[in-house]
Amino acid sequence: MSLRQFIASRSLVRTLSALKNNIVYSWTEASRMLGLDEDLYEHPLHRELDQPVRVLLIGAGHRGSIYADYAIKSPREMKIVGVADPNPRRLERIAEMHAVPMAHCFHDAGAALSVPKFADAVIVATPDKQHTIPALRALEKGYDLLLEKPIAPTEAECRQILAAAQASGCIVGVCHVLRYTPYFRELKALLDSGIIGQIVSVQHLEPIEHTHMTHSYVRGNWRNSTTATPIILAKSCHDTDIIRWLVGSHADEVHCFGNLKWFKEANAPAGSTERCTDGCAVERDCPYSALQIYWRDRKRLYVFDLPPDESQWSDLILQGLKTTDYGRCVYRMDNDQPDHLTVNILFGNGVTAGFSMEAFVSYEGRRTRIMGSMGDIVGNMESFTLTTFKDGKRRSWSLKTDAHGGGDHRMVKDWVQAVGQRNPALLSSPIEESVESHLIAFAAEKSRLQRTIEKVRLDPAPADEAMAAD
Ligand SMILES: NC(=O)c1ccc[n+]([C@@H]2O[C@H](COP(=O)([O-])OP(=O)(O)OC[C@H]3O[C@@H](n4cnc5c(N)ncnc54)[C@H](O)[C@@H]3O)[C@@H](O)[C@H]2O)c1
């Protein structure tokens, strides 16, 4: 029996559980304790590839860089052979790190996809509204694809990409990184084992954390639902996806309430100014002060493209706060994204789910409660506790991990393995399911704006088909 088979049989985990007062450790933690280096959450069909998958990276920003880092970590599995980004600093950085030849460095996705195919696969990590064209072009040229979420900003474009993916026979992964976290994987395996009986209902909370909210959805690129995409799609399609995956059924109906309550001009304190650097009288007391977040606390600095020499940072951050949106007053932006919303979902198997997205919280990390006919589960992205009703027995799983709950690079690995082995079954998140999770988000936004209960349908209903044929 190999080490992985031994672990997969859970005998070691059970032993640890017995030893440690019913706290079941994740393999990451257990392996650290034992000084081993193997990932229980790797797909058992992963194997050494004959050659690395050659990747063209389109969009070398925050997410693109994280995915490209996988090539540094695992050079035998992935190699970046081309890059496209209009930002010269980002283009150069990736080109240098991965020794990309000049001929394969492009200032635009269109240029990169108009030359003859020179890689095996493409990663599209451009802004939300710039996914559709590069995704369709890449599929047309026969590239396998890793596509950032949201797949596309409209339902029609999502369906168009789905149809193109199915017609092309290419391997298409969508970056629903939560599915790849040990936390949600363990949760899913337990639910599928039937240990809490039939799932009856789910409560799921996405606490955005107040400075993350201001960074991305008040000052940042996703602040406006028209120039970017509605927050339920931009931020919470991960949640509609994970809830749907855990419940294991298609969604039937969706309802949503939500609005922008706080980050608007009417709430600007007396003495506040256009920018936090303009001598704002309340800057020191404001929890959303850009000077505090970026300059004094030095958080979320990746947006400033700072050089490696940290001695220059103070001046460059200040300059960034005086010239970019990240220095503007949170009460004087052109933002329209809700800062709180609640969604109710009725699934085809009768399960109901309540989902809340909240900006005004001091913490991050999804909170999930799953109610089953024989037991329940309460979790917070770092650990969860399962209680079985019959015997009242409680067991807790400790699953602390790294970025995005450890999902980012596990997702890239599954995709690279799927491409390298020509086996789409290795992907945890097939595009059909991703599209459906997006349809839940589109339905929720429509419900929020129109005060309706919306139906969700991946396949057009017979009546819709008849209308389309007219
Ligand atoms: N999966 C996740 O958990 C997750 C998390 C955050 C963001 N995202 C999504 O990832 C995508 C990228 O987000 P980000 O945070 O990396 O943004 P970013 O702004 O840091 O990066 C986007 C990059 O795309 C480049 N770009 C713009 N137009 C281009 C074009 N025509 N051709 C090539 N490159 C172009 C920009 O210059 C920028 O460098 C977005 O769709 C976002 O919603 C996903």
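In this report Ala, Val, Leu, Ile, Met, Phe, Trp, Tyr, Cys and Pro count as nonpolar, Asp, Glu, Lys and Arg as charged, and the others, Gly among them, as polar. By these classes, the shell around the ligand holds 10 nonpolar, nine polar and seven charged residues. The structure is a predicted model, in which local features need pLDDT of at least 70 and side-chain atom pairs count only at pLDDT 80 or more, while totals for chains, interfaces and linings use all residues. Residues are numbered from 1 along each chain as its sequence is written.

**Around the ligand**

A residue is near a molecule or strand if its C-beta atom, placed from the backbone, lies within 6 Å of it. Of the 26 residues around the ligand, those that come nearest are Gly 59, Gly 61, His 62, Arg 63 and Ala 109. Helices (H or I, at least four residues) and strands (E, at least two) are DSSP runs, numbered from the N terminus. Helix α4 (residues 62-73) gives the largest share of the shell around the ligand, namely three residues.

Two strands pair if DSSP finds at least two bridges between them. Six strands, in the order β4-β3-β2-β5-β6-β7, form an open sheet with parallel pairing. Because β4 (105-106) and β7 (172-174) stand at the edges with a single partner strand each, one side of each is left without a neighbour in the sheet. Within this sheet, β2 (residues 53-58) and β3 (residues 78-84) run parallel and are joined by six bridges, and Ile 58 has Ala 84 in β3 as its bridge partner. Axes are lines fitted to C-alpha atoms, for helices over the stretch in contact, and angles run from 0 to 180 degrees between N-to-C directions; two residues are in contact if their C-beta atoms, placed from the backbone, lie within 7 Å. Helix α5 (residues 88-98) lies across β2, β3 and β4, and runs at about 150° to β3.

**Helices α9 and α12**

Helix α9 (residues 182-193) packs with α12 at an angle of about 30°, their axes being 9 Å apart. The pair is therefore roughly parallel, a term for angles under 35 degrees, whereas those over 145 count as roughly antiparallel, 65 to 115 as roughly perpendicular and the rest as oblique. Phe 184, Leu 187, Lys 188 and Leu 191 in α9 meet Ile 242, Trp 245 and Leu 246 in α12. By class, this contact of α9 with α12 has six nonpolar, no polar and one charged residues.

A residue is buried if 20 or more other C-beta atoms lie within 10 Å of its own, exposed if 12 or fewer, and partly exposed in between, with C-beta atoms placed from the backbone. Helix α12 (residues 237-247) is mostly covered, as 10 of its 11 residues are buried, among them Ile 242 and Leu 246.

**The antiparallel strands**

β12 and β13 form a hairpin with two residues between them.

| Strand pair | Bridges | Facing residues |
|---|---|---|
| β8 (residues 199-207) and β12 | six bridges | Ser 201 and Met 371 |
| β12 and β13 | four bridges | Ile 370 and Ile 377 |
| β13 (residues 375-379) and β14 (residues 383-388) | five bridges | Ile 377 and Leu 386 |
| β14 and β15 (residues 394-398) | five bridges | Thr 385 and Ser 396 |

The hairpin of β14 and β15 has five residues between the strands, and in it Gly 392 takes a positive phi near 65°.

**Backbone exceptions**

Most residues other than glycine have a negative phi, and most peptide bonds are trans. Met 381, in the loop between β13 and β14, is not a glycine and yet has a positive phi of about 80°; Met 381 counts as buried because 20 C-beta neighbours lie inside 10 Å. Ala 99, in the loop between α5 and β4, likewise has a positive phi, near 50°, but Ala 99 counts as exposed because it has 9 C-beta neighbours inside 10 Å. A cis peptide bond, with omega about -10°, joins Lys 149 and Pro 150, and Pro 150 has its place in the loop between β6 (144-147) and α8 (155-168).
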